[in-house]
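Keep the 3D view open and follow along.

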Amino acid sequence: MEKKKKVIEVEINKEFCKACSYCVDSCPKECLVMGEELNSTGYNFPVFVNQDDCTGCGACGFLCPDIAIEVYEVL
Amino acid sequence: MRCTNEEVISASPLRVFCILLLEEDVLQREVSKGRKMEDNNKDLRRLISGRPKCFMIAGSPLCAGCQHGTISRIIGEVIDDLGIVGKTIAVGGVGCHSMLVMSASKFDLTTALHGRAPALGTGIKRGTDGKAIVFTLQGDGDLAAIGMGDLINATVRGEKLTTIFFNNAGYGTTGGQMAPTTLIGQTTTTTPSGRSPDTGGFPIHVAELMAGLAGVAYSARCAVNTIAQYKRTKKAVRTAFQKQIDNIGYGFVEILSACPPLLKMRPTDARKWFEKHMFAEYPLGEFKNVDETKIQYQVET
Amino acid sequence: MVEKALISGNEAIGYGAIYADCTHYFGYPITPQNELIEFMAREFPELGRTFVQAESEFASINMVCGAALTGVRAMTSTASTAFSLMQEGISGIASMELPCVIVDVQRGGPGAGSTQHSQMDYLLATRCAHGGYKNIVLAPFSAQEGFELTQLAFYLADKYRIHVILLSDGLLGQMYESVELKKLEFPPLPGKDWAMKGCAAHNYERTFIHNAPGIIGSYYDFMKRSKEKYERIKEEEVRYETYEIEDADIVLVSYGSTARAAMEAMYRARKEGIKAGLFRPITLWPFPREAINKMTEDKKNFLVVEDCMGQMIEDVELAVEGNAVINLVGSMDRNLPTGSGMILSKKVLEKIKSFG
Ligand SMILES: Cc1ncc(C[n+]2csc(CCOP(=O)(O)OP(=O)(O)O)c2C)c(N)n1
Ligand code: SF4
Ligand code: SF4
Ligand code: SF4
């Protein structure tokens, strides 16, 4: 039987982001890319582009220095 | 005097960023959005990674890519995990290293004069009869230069404190000068042609030094570049707190923390520079982990 | 029955701290205050209180700061050269508005100076370190008064949420005198609900006490609050004593141990028919400026007696507003040219006679 896949939500608080791109670097599944849009202080924040491959490892949220990312598992 | 979060934010080196946020009321919006999100999804979602419970929702006052932020979060997570938010008192040193905790923490905190955090922490620990969990946040200028004596003597007195040491190989707050931890050859604003051993001396290895002191129960050096390092760091910080909780001895963790402006690099490059150069000079690892502090010799009285 | 003890001036301050329910002492050895730290090391642990020997005065003053943050009564003691070392810490305490007591048993300066008495820290104690803050300065002139003023110091510290400096000196500290040990009664004090004990003690609302009033929060509010506090202290806490002042033609102004030589000289002068009086400030800040100013209505001759090259004389000059002649008996008038030299009543009497 196939294991039920976890549903993961990655929330990016764009106003807290400072575009260091650590999250993009650290995602093992390349689920995040730096976006084009700017936040109110002029930083281009990342976008979550690959919901399917995201394993919910949490790395992006753990390593973001600005606490701009929250990773949730939907129960 | 109790301070609101907004007041703290106006204190940061990046106050422009934060004031902007405040002026445009963005922060307020985000705060209420965040709260609503929390309320609605309380039971439906499990937080894997993100804001520790003991941190308020606030923008970070640190520069882009400053790993002090990640380290601060680890401290928050450990305090959450240990369930000690109600009796924790943080003592912030002078420097960027204490700024995120200052602006976000829900636990009690105070600020020490430059380098004096272990002495202030000693007073707090004694003042609360040892009941409070007291930890200091210190940078390499604060701890390894001006405050070296305070740290060492706190362990000599057998204080049960925890120190988180942010090693970014320079002075962040004051604009990128040399610190005792600056690498040989590294350029800073006070070593414009690179730190030379002849005139600038040698990098100091505090974690190893601490391991040699009798009052220290735990000493480790960690980093936060990768998720594996992150996990080891969290474990180390947790152990350093546990040594205090169990009344065993001083808990110390040195954490390498990239400061992009100091290196005049983009955040990702700064991180790579750290991997290449800092890890070579400052090996990661646990240097001491004991369950009792041993007495070597005693005079009969 | 009142308990009486023959103790040194330094120990009298230690007793004062015990009677004031001070629970935390942090210190570092330095002559001529060593009897005090040794007394604390003996007595405090016996009483279940905290004694810590710090590694420096940097550390001891910051430990006092930490303990005071948690709301306990904390103190430290030191002497001149190390009192200088404490200044940044004291300024930090002022920025956090913490109640505590700092004892300075003055020795000679500058630098390591001498290990014996002097009154050379007056300006440092009353004018304070950087940052324009103020602190109450109390100056005892006997072991008995040292014992009592220590208790008062803790009361005033808590009443105003301010640090108090007890300015003693080597002579007073080393001198043995009989002291009546009695706990002084003071009016009730406000609770310390601001104290830091972990946020659980405040219903999980965090307490944040910091030393950067110009960075965090409103600098204006801090300054306004401080100013109001200082004005209140100036109005309510000025203390001094006068002796034979009513009909005096010449007024000696002196504090601490030299006030004893001045007093002796004053009575000897009276025996010789010279109408001398003594004005002894007890609070050096707030300085009894108005009281001195009032005297200038009918008194025009002031002789300041202090064991330095002239420090308190500046306050007296400000107080008389140019309406009187002021002379000094200072450390140049000591009986010996060495660190042991003292200002003796004989010399003061000479200066009274040759006033002008
Ligand atoms: C007694 C004193 N000297 C100097 C300073 C100025 N100062 C403020 S922060 C700082 C350096 C802090 O560097 P570090 O501890 O490495 O912290 P970072 O900012 O790098 O995190 C200095 C020298 C001060 N505040 N107090
Ligand atoms: S949770 Fe892991 S896999 Fe998912 S986006 Fe973040 S880093 Fe990538
Ligand atoms: S790690 Fe955080 S701050 Fe950096 S780009 Fe990603 S979301 Fe933005
Ligand atoms: S200057 Fe360096 S240490 Fe300070 S906030 Fe910026 S990156 Fe962090």
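Strand β4 of chain A (residues 69–74) pairs with β1(B) in the antiparallel sense, over four bridges. Two strands count as paired if DSSP finds at least two bridges between them, and the strands (E, at least two residues) and helices (H or I, at least four) are DSSP runs numbered from the N terminus. Within this pairing, A:Glu73 stands opposite B:Arg46 in β1(B).

A word on the ground rules: this is a predicted model, where local features need pLDDT of at least 70 and side-chain atom pairs count only at pLDDT 80 or more, while totals for chains, interfaces and linings use all residues. Residues are numbered from 1 along each chain as its sequence is written, chains are lettered from A and ligands numbered from 1 in the order in which they are written, and side-chain values use heavy atoms, with hydrogens and water left out.

## The rest of the A and B interface

How many residues of chain B are in contact with chain A? There are 44, and they touch 32 residues of chain A, where contact means heavy atoms within 4.5 Å. The two chains bury about 3,200 Å² between them, 60% of it on carbon and sulfur atoms. Buried area is the accessible area (1.4 Å probe) that two parts lose on being put together, summed over both. On the chain B side, B:Arg45, B:Ile48 and B:Ser49 lose the most area to chain A, together 20% of what that side buries.

Four salt bridges are counted between chain B and chain A; each is a side-chain nitrogen of Lys or Arg within 4 Å of a carboxyl oxygen of Asp or Glu. One of them links A:Glu11 to B:Arg45, with the closest N and O atoms 2.8 Å apart. Another joins A:Asp25 and B:Arg271 at 3.4 Å, N to O. A:Asp25 lies in helix α1 (residues 22–26) of chain A and B:Arg271 in helix α13 of chain B, so this pair joins two chains.

## Where chain B meets chain C

Here 39 residues of chain B and 42 residues of chain C take part in the contact. The buried area is about 3,300 Å², with carbon and sulfur atoms giving 58%. One salt bridge is found across this interface: C:Glu55 with B:Arg157, the closest N and O atoms being 2.6 Å apart.

Strands pair here too. β3(B) and strand β9 (residues 208–209) of chain C run in the parallel sense over two bridges, and the bridge partner of B:Leu109 in β9(C) is C:Phe208.

## Around two ligands

Which residues surround ligand 3? Among them are A:Cys17, A:Cys20, A:Cys23 and A:Cys64, along with A:Lys18 and A:Asp66. A residue is near a ligand if one of its heavy atoms lies within 4 Å of it. This shell divides into nine nonpolar, one polar and two charged residues. For these classes, Ala, Val, Leu, Ile, Met, Phe, Trp, Tyr, Cys and Pro count as nonpolar, Asp, Glu, Lys and Arg as charged, and the others, Gly among them, as polar.

The residues around ligand 4 belong to chain B, and they include B:Cys63, B:Cys66, B:His68, B:Cys96 and B:Cys259. By class, this shell has seven nonpolar, three polar and no charged residues.
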